Amino acid sequence: MSRLPLVSHTDPDAVIARRHGEAISLRRFLADIERVVGTLPDCQHILNVCSDRYHFAVGLAAGMVSGRISLLPSTYTPETLRHLAAFAPDCHVLTDGDPDAFSLPALPFPALHTADDALPAHCTVPALAADQRVAWVFTSGSTGTPVPHPKTWGRLVINVRAEGIALGLDPARPATLVGTVPPQHMYGFESTVLVAWQSGAAFDAGRPFYPADIAATLARTPAPAALITTPFHLRTLFDEGVALDPIGLVVSATAPLPVELAHLAEARLGAPLLEIYGSTETGQIATRRSAVTQEWTLFPGIRLSERDGQTWADGGHIEVAVPMSDVIEQVDAQRFLLRGRNADLINIAGKRTSLGYLNQQLLGIPGVRDGGFHLPDGERDGHITRLVAFVVAPELNERSLREALRERIDNAFMPRPLIFLDSLPRNATGKLPRDTCEALLRSYLASRSGTQ
């Protein structure tokens, strides 16, 4: 049975993380792992909710080297926690926040070593069996019930090593990865923690959200710095007009990236922008430089095939063959184009489009800071007659925005109503979940009925 190292760093003094500007060595990281292992309860499953990325990474590694499995759901709602308790009755929460905030048994994250502590002169990087299950990741499923997907160490290593090569991460010149996404999300899990572990890179422990915080974190990060982010965070960063220093790399995922935003990102940050495509079930499977090409290039070993009118992905690091949620047009065995999500395809009066395309058109209008189209619940199962759009555009009025939309989309897809808001309640990965859109629509309709 093959075994693979926890990290690819070999020098005990190599920097594996940066926290509040302080460099943390491999030696100290391994000592911190040992300390956390000694505090873990007698259980097999850990729900690691630490908001500090370094705390998350240490807790994740502690679970792995002690044979425990991390649970990575997309949310921590009371309903999700009830499902997790049923799925893994022995589950304990590991948190650097309030342990009393959870309905599951919880333990506070312990105090770690400081720069002044004496640490062992020699240290050994743990190795794990390739077939060791280290995590369960969860998708919401069609019923809203979390659906578990197993992740083994060997497949994860293959995945993130391929990512490191695709992103051009060079162990001889280690980058520091700055993430605006949480480490518990599949994108953040792979692209801010695991890829750093397996590419000789370091990661920043924070999760800057506001533009000024992102700019400040990048400014204090030693070169080469890489920003691991989303289209929402990029747009917000540039809309604020904060001063930005050039960096080494920009990486985007979680939502389609408009080509105009890709060009703007490369110009403002002085770095190539690479977009990642994947899913919770498959992990990441392809990349592209969005300012240069629409074509995606698959990771080595990944295969796409057509079955019953749907595209499936398998091979490489994918645990089992997975049906993709997107409409995919294959260019050749290694390249493909995305034509929208299956669930986003819309047919109104015989005319077809997708919510993704409509969102790109809306966000491309000058003066629109944020926005998104929504297909209401009552329209989804029957004959579609209307769409809704939410928009943040303080410098525009409804008339001017509708005129701009008419130049970009067919009148059949014009939103009715068009709802102006001060901000959109996006989640930590920049997405606007469907249930959130439904709540916004209900609130709007209630306010309208109350004024009539």
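Student: What makes Phe29, Tyr54 and Trp197 a cluster?
Tutor: Ring pairs link Phe29, Tyr54 and Trp197. Rings of Phe, Tyr and Trp (its six-membered ring) pair if their centres lie within 6.5 Å; planes under 30 degrees apart count as stacked, over 60 as edge-to-face and the rest as tilted. The model is predicted, so local features need pLDDT of at least 70 and side-chain atom pairs pLDDT 80 or more, while totals for chains, interfaces and linings use all residues. Residues are numbered from 1 along each chain as its sequence is written, and side-chain values use heavy atoms, without hydrogens and water.

Student: How many aromatic pairs does a search of the whole structure find?
Tutor: The search finds 10. One of them joins Phe209 and Tyr210, with 5.1 Å centre to centre and 90 degrees between the planes.

Student: Why is the pair of Phe209 and Tyr210 called edge-to-face?
Tutor: The centre distance of 5.1 Å is within 6.5 Å and the angle of 90 degrees is over 60, so the pair is edge-to-face.

Student: Why does Phe209 count as partly exposed, and why is Tyr210 exposed?
Tutor: Buried means under 20% relative accessible area, exposed over 50%, partly exposed in between (1.4 Å probe, protein chains only). Phe209 has 34%, so Phe209 is partly exposed. Tyr210 has 55%, so Tyr210 is exposed. Tyr277 and Trp296 are both buried.

Student: What makes Arg307 a charge over the ring of Trp312?
Tutor: A charge sits over a ring if NZ of Lys or CZ of Arg is within 6 Å of the ring centre and within 35 degrees of the ring normal. Arg307 lies over the face of Trp312 at 4.6 Å from the ring centre, which is within 6 Å.

Student: How do you know that H7 is mostly covered?
Tutor: In H7, 7 of the 9 residues are buried, including Phe232, Leu234 and Phe238. Just after H7, Gly241 has a positive phi of about 70 degrees.

Conventions: Helix = DSSP H or I, 4+ residues; strand = E, 2+ residues; numbered from the N terminus.
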